[in-house]
Amino acid sequence: MKIGLYPGTFDPVTLGHLDIIKRSARVVDKLVIGVLPNQAKRPWFTVEERMELIRKVTADIPNVVVDCFDGLTVDFGRQIGAATIVRGLRAITDFEYELQIAQINHKLNPDIDTIFFTTSVEYSYVSSSIVKEVTTYGGDISSFVPAEIIDDIFEKYKSRIANK
C-alpha cells in the first residue's frame, strides 16, 4: 500500500488545500493529512478543531485519514509508513522554500520522497492567513474555503473577539 503524507497547519483548511488533497489522494492508496500544532503561526483553531474541519470537508474521499503530529515530518512519515510527502506550491517563492525542506527531509530519510502539486490557478492566491484576515473584516470567504466550514470560521472569530 502506497501511503502519502500531506503535512500542514491547515488553520483553517482552504479550497487550495482541498484541491491538493483531492488530487494527491488519486495517486496514493492512503493519504494521511498530518496536522501540526505550529504555535509560531498563532493558530485560531486547536489541532483537534482543525482535524475536525478537515474530516468534515474530506468525508467523501475514502482513502483520506486525518491525524496530528509534533516533531519532524519525516519521523512521522516513517511512523505511518509513508512513501511520499505531499506539498502544494502556489508560487515561485513557495518552491524555493519547499525545495529546501524537501532536500533536508531527503537527507534525514532518503526512503521518503517529496512530491509537489502546483495549486490550481483559481486557488493560487488563497492562504489560511488571507482567510483569517478577510474574516476579521467580515468579508466573503466563500471563494476561499469549503462551504461546509464557513460558519465554523466565523464562529471561531466571534469567540476569539469575545474572549479578548
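At 47% relative accessibility, Arg 78 is classed as partly exposed, a term for values between buried (under 20% relative accessible area) and exposed (over 50%), with a 1.4 Å probe and protein chains only. Its partner Asp 75 is likewise partly exposed, at a relative accessible area of 36%, and the side chains of Asp 75 and Arg 78 form a salt bridge with an N to O distance of 3.2 Å. A salt bridge here is a side-chain nitrogen of Lys or Arg within 4 Å of a carboxyl oxygen of Asp or Glu. Because the two residues are three apart in helix H3 (residues 73-80), about one helical turn separates Asp 75 from Arg 78; helices (H or I, at least four residues) and strands (E, at least two) are DSSP runs, numbered from the N terminus.

This is a predicted model, in which local features need pLDDT of at least 70 and side-chain atom pairs count only at pLDDT 80 or more, whereas totals for chains, interfaces and linings use all residues. Residues are numbered from 1 along each chain as its sequence is written, and side-chain values use heavy atoms, with hydrogens and water left out.

## Other charged pairs

A search of the whole structure finds nine salt bridges. One of them joins Lys 158 to Glu 155 at 3.8 Å, N to O; these residues are three apart in helix H6 (residues 150-162), and therefore about one helical turn lies between them. Lys 158 is partly exposed at a relative accessible area of 48%, and Glu 155 is partly exposed at 48% relative accessibility.

Glu 98 and Arg 87 also meet through their side chains in a salt bridge, at 2.8 Å from N to O. This pair links distant parts of the chain, with Glu 98 in helix H4 and Arg 87 in strand S4 (residues 84-89), 11 residues apart. Glu 98 is buried, with a relative accessible area of 7%. Salt bridges also link Asp 11, Arg 50 and Lys 132 in a network.

The peptide bond from Asp 11 to Pro 12 is cis, with omega near 0°, and Pro 12 is found in the loop between strand S1 (3-8) and helix H1 (15-25). Phe 10 is in the loop between S1 and H1 as well; although Phe 10 is not a glycine, its phi is positive, at about 55°. Phe 10 is buried, with a relative accessible area of 3%.

Five strands form an open sheet in the order S3-S2-S1-S4-S5, with parallel pairing, where two strands pair if DSSP finds at least two bridges between them. Strand S3 (64-68) and strand S5 (113-118) stand at the edges with a single partner strand each, so one side of each has no neighbour in the sheet. Neighbouring strands are turned by 30° against each other on average, direction ignored.

Six bridges join S4 to S5, which run parallel, and Asp 113 in S5 is the bridge partner of Thr 84.

## A nonpolar surface patch

Leu 72, Ile 104 and Leu 108 form a nonpolar patch on the surface, with about 270 Å² of accessible area together. Patches are made of residues with over 30% relative accessible area and no salt bridge, like charges being joined within 9 Å and nonpolar side chains (Val, Leu, Ile, Met, Phe, Trp, Tyr) within 5 Å; accessible areas come from the Shrake-Rupley method with a 1.4 Å probe, and for residues only the protein chains shown count as cover. Ile 104 lies in helix H4 (residues 92-108) and is partly exposed, with a relative accessible area of 43%.

Definitions and conventions. Axes fitted to C-alpha atoms, helices over the stretch in contact; angles between N-to-C directions.
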